[in-house]
Amino acid sequence: MCRLAAYLGTEIPLENIIAKPRHSLLVQSLDAQEAKLRVNGDGFGIAWYGHAAEPGLFKDVLPAWADTNLQSICRLVTSRLFLAHVRAATTGATSRDNCHPFAHDRWAFMHNGNIGDFARIRREMEMLINEDFYALRRGTTDSELFFLLLLTNGLEQNPRAALDLTLSQVLDIAARRTTGEKPIRLTCVFTEGTELFAFRYADDAAAPTLYISECLDHGGRAFASEPLEGACARWRPVEQGHLYRLSATGVEQTPLAVPLSGTAERVLEAAC
């Protein structure tokens with residue numbers, strides 16, 4: 001599984017999240033502690049916001065730790081809001097077009113996890129996507145397709161409603177087209193340039209990890225697959241089945257309209 005991080009706050013160098021912390025995203029790319037794969041070396045990407053409404057993008061297929069350009073950019077580029085992702089490929093070849101984040105206009109999106117039996121449901125998912133958004137597709141991942149479906153369903157107008165509809169559609173297709181043996185696991189972070197949105201959802205209650213912090217040293221707030229300083233009180237887990245909306249004033253958390261499956265509910269009850 002991939003690792004990701006996102007920051008919102010005062011303008012800081014990208015390296016304050018990506019490279020400098022003891023358990024930074026760069027460290028996680030080599031030695032993830034809470035993922036199926038410890039090494040995430042199938043490319044990386046950054047989307048950051050500056051004076052323009054649309055984000056800047058830098059993506060490549062090299063392992064994050066092997067690209068000296070990445071470390072230089074992270075040291076010199078500053079931003080008030082950015083997304084960063086290191087990839088361990090599950091769907092789609094190792095290519096620049098398959099690296100996260102994906103962007104359209106002011107929106108940027110990244111994902112950790114996978115849509116089980118994607119090959120069986122891909123065509124029906126594609127048929128739901130508006131032609132204008134489908135024309136934007138460059139890669140072959142389930143992640144990019146999920147983002148395009150979110151845009152089709154009105155992400156730019158109402159993120160919460162778009163997410164609920166998209167999840168319902170994907171789960172409905174999977175129920176009809178697959179045996180249900182391969183889970184759908186989605187941990188996503190996305191933004192329109194002023195706020196961060198994040199959620200964890202899995203039909204087996206095993207969504208990839210995500211944590212939130214509202215008290216970073218430099219006055220910012222962040223999401224990360226694993227706490228950037230290691231386990232500590234300033235980071236808490238993002239609850240499954242909820243949409244988090246992180247702004248300059250705090251965080252809102254609301255349950256998704258799509259409930260966890262009966263199996264997932266039983267797993268969560270057993271864990272409590």
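I count a contact when heavy atoms lie within 4.5 Å. This is a predicted model, so I took local features only at pLDDT of at least 70 and side-chain atom pairs only at pLDDT 80 or more, while totals for chains, interfaces and linings use all residues. Residues are numbered from 1 along each chain as its sequence is written, and side-chain values use heavy atoms, with hydrogens and water left out.

**Entry 1: Leu 167 and the cores**

I began by asking what Leu 167 is in contact with, leaving aside neighbours within four places in sequence. My list reads Phe 146, Leu 186, Phe 199, Tyr 201, Leu 256 and Val 258.

Next I looked up the nonpolar cores, meaning sets of buried Ala, Val, Leu, Ile, Met, Phe, Trp, Tyr and Cys residues joined through side-chain atoms within 4.5 Å. Buried is under 20% relative accessible area, exposed is over 50%, and partly exposed is in between (1.4 Å probe, protein chains only). The largest core has 33 residues, and Leu 167 is among those that touch the most other members, along with Ile 115, Met 125, Phe 146 and Phe 199. Two or more residues each come from strand E6 (107-115), helix H4 (118-127), helix H6 (142-152), helix H7 (159-177), strand E7 (184-191) and strand E8 (196-202). H6 gives the largest share, seven residues. My elements are DSSP runs numbered from the N terminus: helices (H or I) of at least four residues and strands (E) of at least two.

Apart from this core I found another, of 24 residues, including Leu 14, Trp 48, Ala 84 and Leu 216. In soluble globular proteins, nonpolar side chains tend to be buried together.

**Entry 2: cysteines**

How many disulfides does the structure hold? I found zero, taking a disulfide as a pair of cysteine sulfur atoms within 2.5 Å. For Cys 2, the nearest cysteine sulfur is that of Cys 99, 9.3 Å away. Cys 2 is buried at 6% relative accessible area.

**Entry 3: backbone**

I noted a cis peptide bond from His 100 to Pro 101, omega near -5 degrees. Pro 101 sits in the loop between strand E4 (78-86) and strand E5 (102-104).

Asp 117, not a glycine, has a positive phi of about 55 degrees. I placed Asp 117 in the loop between E6 and H4, buried at 15%. Ala 205, also not a glycine, has a positive phi of about 60 degrees. Ala 205 lies in the loop between E8 and strand E9 (211-213) and is buried at 11%.
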